[in-house]
Amino acid sequence: MSEITGSLSTLALQKFKQDFWGVFSFWFIVLVGFVSVFAYVLAPDNSQHANQMHLSIHSKKPGFKVQMLSIPSSIAQDQSVIDRLFFGKKNPASEIPISAYRITGNKLLYTEYASDGLDGAEKELDLNNYPNFNKATFIKEQTFIFGTDKYGRDLLSRILVGARISFFIGFVAVFISLVIGIFMGSVAGYFGGKIDAFIMWIINVTWSIPTLLLVIAITLALGKGFWQVFIAVGLTMWVEVARVVRGQIISVKEMQYVTAARALGFNDFRIITKHILPNIMAPVIVISAANFAAAILIESGLSFLGIGAQPPMASWGAMIKDHYNYIILGKPYLALIPGFCIMSLVMAFMLIGNALRDALDVKSA
């Protein structure tokens, strides 16, 4: 049996490798996952939530360059390397866009950048407060590859940090849906009778409520926030998994290997977990890939409505909400870039789901 299972797994892997779009989607998802984990290492703005605001350079086009004066924070840094790596700097240096500067004695005289082209008043910085002053570290030319948003934040950094929410909500939501869905579907399909009727009633009631409305209701009950959205999305996606698992178990529970397991005196829990579930996981894996894509879309919709991830947290859906009116104001990239990111990630999960479906289809082997 193990040799047969191993050979089928090998055959499925070979079929999957032959699907160009499936393999491409897999590596794209791996890349997004890497970016999500190490977003603050890759992002030019490594402050928490990439939230450094420079209102004087708001809504600048991609490739915009400006000289940036970085003044070290006077608050002592008490963050560990790991905390800074995964959650960003709590007390980053204060950044000031400048158009001109000069050093006179122990004074740094600078003129702040003005978006209207008019130079402001010249300000000074006492260099005696910074004994380690080095012009190369205090003043640098900064390039905003994706431009800046309406608050003057680096759009590229917000995109990179925002990938974390869209990517991890898929994992958490799918995990919750698998735990609940496999349990409910297994119990309903294996025992049948009144238990099956009761669980199917719960599934049908949950299924009849529009997903977005159910997520909104759960989110409002749990409160607005990061983890609340993850849990709310997961609690609405289990019904599809439960229906698939129930149907699969009904079709295989009378097969010879299950009957043999009963004859050997194995209990129901062992029969379900050790004998039935390993043989019906193929369709569950496929539907999980689709649920990943659905979770990303639902989170984006909630953030667009303002009940998802809350400011200043970076979220692709919230970024579209903040800038969708810029589409008709000549700066459509502010909304199109996060929209394209959502579309790309959702499409990758859908393509890998299709590739897994074809690879795990034993009838076409």
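Q: What's the mean pLDDT of the chain?
A: It's 86, with 94% of the residues at 70 or more. pLDDT is the predictor's confidence in each residue, from 0 to 100.

Q: Which element has the lowest mean pLDDT?
A: Helix α1 (residues 2–17), at 71, while helix α2 (residues 20–37) has the highest, 94. Where pLDDT is low, the predicted coordinates should not be read in detail.

Q: OK, aromatics. How many aromatic pairs?
A: The structure has 15. Rings of Phe, Tyr and Trp (its six-membered ring) pair if their centres lie within 6.5 Å; planes under 30 degrees apart count as stacked, over 60 as edge-to-face and the rest as tilted. F20 and F24 are stacked, because their ring centres are 6.1 Å apart and their planes are at 20 degrees.

Q: Where do F20 and F24 sit?
A: In helix α2, 4 residues apart, which means about one helical turn separates them.

Q: Switching topic: at what angle do α13 and α14 pack?
A: About 40 degrees for α13 (residues 281–305) and α14 (residues 316–323), with their axes 7 Å apart. Axes are lines fitted to C-alpha atoms, for helices over the stretch in contact, and angles run from 0 to 180 degrees between N-to-C directions. So α13 is oblique to α14; under 35 degrees counts as roughly parallel, over 145 as roughly antiparallel, 65 to 115 as roughly perpendicular and the rest as oblique.

Q: Which residues meet there?
A: S300, S303 and F304 in α13 meet G317, A318, I320 and K321 in α14, where contact means heavy atoms within 4.5 Å.

Q: And what's in the loop between α13 and α14?
A: P312 is in that loop. A cis peptide bond joins P311 and P312, with omega about 5 degrees.

Q: What's the phi of H49?
A: Positive, about 65 degrees, although H49 isn't a glycine. H49 lies in the loop between α3 (39–42) and β1 (64–71). Most residues other than glycine have a negative phi, and most peptide bonds are trans.

Conventions. Residues numbered from 1 in each chain as written. Predicted model: local features only at pLDDT ≥ 70, side-chain atom pairs only at ≥ 80, totals over all residues. Heavy atoms only, no water. Helix = DSSP H or I, 4+ residues; strand = E, 2+ residues; numbered from the N terminus.
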